[in-house]
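Me: I am new to this structure and would like to learn how to read it step by step. Could you take me through its features slowly, giving the general idea before each case?

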Amino acid sequence: MLVGVVELAEVWVLFHNVVELGGLEFTQILLVFGLADLCFSLADLSFGHCDRLPTYLRNGALDVFYLRPQPLLLQLITSDVSLRRLARAAVGATALVAALVLNDIDWSAAHVLLLVLALVSGYATFAGMFVWAGGAQFFLIEGAETTNAFVYGGRYAASQPASVWNRPLWAVFGFFFPMAFTGFLPALTLLGLDGPGWLPGWLGWCAPLAAAWTWLLALLSWRFGVRHYQGGGG
Amino acid sequence: MSDPIIRTHGLTRDFRVRDGLRRRTVRAVDDLSVEVAAGEAVGYIGANGAGKSTTIKMLTGILVPTSGSVLTCGLRPVADRRRLAREVGVVFGQRSQLWWDLPVRESFRILAAIHDLSTEAERRRTDELVDRLEMAEFLGTPVRQLSLGQRMRAEVAAALLHSPRLIILDEPTIGLDVLSKQRLREFLVAERASHGTTLLLTTHDMGDVERLCGRVLVVDRGRLAYDGDLRGLSRTVGAERVLVVDLAASTGDLTGIPGTRHLASEANGLRQRLAFDAEATTAARVLAAVSERAEVLDLTVEEPDIEDVVRRIYASRR
């Protein structure tokens, strides 16, 4: 929870000094932050346990999962549910609600649909990231640091306006890991703004495609990982 | 059911290990071809690192073989892992499948749900296992507070809850005291008698093999070194066990007990060592005979060293 608040404060402090960033004002960035942070927190609540995979790999607990007639991934994510992560989600939810109230959004049925789509897709995208990282752990010894750079780095990038990203960052978090689709692009579409330069305003509607792409990566990674498993010693 | 329950052909598994900067390949299981018929009880023995656990992991779909084929319960372990998990119960002696912080009873309920057991089947099977493994006294205890002997019984029950056709036990008696071992073995014999379950057992304990297994596979450096019955194994290496008794008072040498050979007396006969042939008598009978002559304070049973058995068998085949 504290982490969430600190990150929100960071956005606040930044805007104490500048009026706008990447073409967005504070309340608009609050919307980006709220969307991305809420989606991430919910994904973390349910799929964050993939982070524990290296421990399970090392102590052999994964062997036991293989011996039960249920999907491995399902067993992994249900092996522990940390309800304290709900508090983390509260920060994102608060930011999102505040942003929805403060911003001048031209509400219509399409906008409500977009909001729901964005939340569901954003959740799925971050969840896919966790699964992708889990699959990669099978290959990378001590690989958690590498994958964390993308999972948590992606979360951080997602809660900022993507218009300030440089080209390499766009390549990684715009398209390969489609983080821009979890906060920035849906927020633009909700606000009725055009993206910077070459980004059309309707791109926010493509969030479900981004989620599907992430899950394609995730399931490939997971499948290769599971087949690559070397056993926990013994 | 005439199809074998385990069938491997040319089963091989390599591991790539880092050796300094270079990588090299270690062959853990080498061209293993074995068939086990339904209802058999097979002891799978070998030194540490001989490839026992690797074989078991390939049989159960945890590891993908490097080459060769394997069918367990007629299923391909990796491709049909989830179906196979319903047919096989596995206990890894040094891994727990129970939930550390939950009472034993809750662990069983979760496992029953994982295996989709009906309420009726769950109740009947749990009652049966609790009764036979004498677990009633610690059903409500969190797993982390159990003694090793209690935990092992709970582990075995957990693996058998879904009434598998094949039980695979990896070092089930490791670290257990004589009494706990004895109980577990008696349970396994009874379980097999009433359900016809096939048993595959790895162990370092010759006692396990003698009490439980009609057939023995010895593996050395990934290769099958012996496949045959216990008699053949005994003939090759001798299967004498040694009973060591600590007595309350100095006693003369305990000679003349049927089926035993007096090996030595220490400390004026306070501690005596008796070798006995496990096929001719039992530890219990020997102990009863000793108790008639002197009060027994403490006892240990020394089993033939399995590494020694493996070494001799390997030597005898060269």
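**Reading the two chains**

Reply: Chain B falls into domain 1 (6-235) and domain 2 (239-316), with bounds that come from an automatic or database domain assignment. Taken over C-alpha atoms, the centres of domain 1 of chain B and domain 2 of chain B are 30 Å apart. This is a predicted model, in which local features need pLDDT of at least 70 and side-chain atom pairs count only at pLDDT 80 or more, while totals for chains, interfaces and linings use all residues. Residues are numbered from 1 along each chain as its sequence is written, and chains are lettered from A and ligands numbered from 1 in the order in which they are written.

Me: How many helices and strands does chain A have?

Reply: Helices (H or I, at least four residues) and strands (E, at least two) are DSSP runs, numbered from the N terminus. By that reading chain A has 11 helices and 2 strands, and from the N terminus on its elements follow the order α-β-β-α-α-α-α-α-α-α-α-α-α. The radius of gyration of chain A, 18 Å, is close to the 17 Å that the globule rule gives for 234 residues, so chain A is as compact as a globular protein of that length; the radius is taken over C-alpha atoms, and the rule is 2.2 Å times the number of residues to the power 0.38.

Me: Which strands does strand 8 of chain B pair with, and in what sense?

Reply: Two strands pair if DSSP finds at least two bridges between them. Strand 8 (residues 215-220) of chain B pairs in the parallel sense with strand 3 (residues 41-45) of chain B over 4 bridges, whereas 6 bridges join strand 8 of chain B to strand 9 (residues 223-229) of chain B, which run antiparallel. B:Arg215 is the bridge partner of B:Val42, and B:Arg215 also stands opposite B:Asp229 in strand 9 of chain B. In the hairpin of strand 8 and strand 9 of chain B, with 2 residues between the strands, B:Arg221 takes a positive phi near 45°.
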